[in-house]
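Here are some notes for a colleague who is opening this entry. They cover salt bridges and helix packing.

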Amino acid sequence: QWGGIVDAVESGNHDESLDEWLNDMDVRDIIAGALAAADEEDKRTAAAEVEGADARFRVATVPCTCVWGDDVADTNSWRPEWQWWYFRRPAQLGEALREDLLVNGLIGEDE
């Protein structure tokens, strides 16, 4: 599922709402939790695929404030160094996501 999300972001076809973006970033968070709980063999098996998708995601996105908002980030102790997926947005913003980010104060008018 993460690979499909990354494909959509790379191609500029992720023009969904902020709620959908948050759901997609929660998928990556679930993966992080699963990897943390996995045994070493399962981690090695999944690592290459996840790391490849993560690298592609980083290229297709730009840093931003926490997409859940600063209060949620603080409550959950999320930091860009660790839960970096919550601190990125697509480099190519579709209309719906751009409007939601703007309305929620997550980007400025010039972005």
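1. Terms first. A salt bridge is a side-chain nitrogen of Lys or Arg within 4 Å of a carboxyl oxygen of Asp or Glu. This is a predicted model, in which local features need pLDDT of at least 70 and side-chain atom pairs count only at pLDDT 80 or more, while totals for chains, interfaces and linings use all residues. Residues are numbered from 1 along each chain as its sequence is written, and side-chain values use heavy atoms, with hydrogens and water left out.

2. How many salt bridges does the structure hold? There are four. One of them joins the side chains of arginine 56 and aspartate 7 (2.4 Å, N to O). That pair links distant parts of the chain: arginine 56 lies in helix H3, aspartate 7 in helix H1, 49 residues apart. Helices here are DSSP runs (H or I, at least four residues), numbered from the N terminus.

3. Arginine 56 also meets glutamate 10 in a salt bridge (2.8 Å, N to O). Glutamate 10 is in helix H1 and arginine 56 in helix H3, 46 residues apart. Through shared partners, Asp7, Glu10 and Arg56 form one network.

4. Are these side chains buried or exposed? Buried means under 20% relative accessible area, exposed over 50%, partly exposed in between (1.4 Å probe, protein chains only). Arginine 56 is partly exposed at 29%. Aspartate 7, at 43%, is partly exposed. Glutamate 10, at 34%, is partly exposed.

5. Lysine 43 and glutamate 40 make another salt bridge (3.6 Å, N to O). They sit three residues apart in helix H3, so about one helical turn separates them. Lysine 43 is partly exposed, at 26% relative accessible area.

6. Now the packing. The axes of H1 (residues 2-11) and H2 (residues 18-37) come within 10 Å and cross at roughly 140°. Axes are lines fitted to C-alpha atoms, for helices over the stretch in contact, and angles run from 0 to 180 degrees between N-to-C directions. H1 and H2 are therefore oblique to each other. Angles under 35 degrees count as roughly parallel, over 145 as roughly antiparallel, 65 to 115 as roughly perpendicular and the rest as oblique.

7. H2 and H3 (residues 40-60) pack at about 150°, with axes 11 Å apart. H2 is therefore roughly antiparallel to H3. Contact means heavy atoms within 4.5 Å. Trp21, Met25, Arg28, Ile31, Leu35 and Ala36 of H2 meet Lys43, Ala46, Val50, Asp54 and Phe57 of H3.

Terms used. Helix = DSSP H or I, 4+ residues; strand = E, 2+ residues; numbered from the N terminus.
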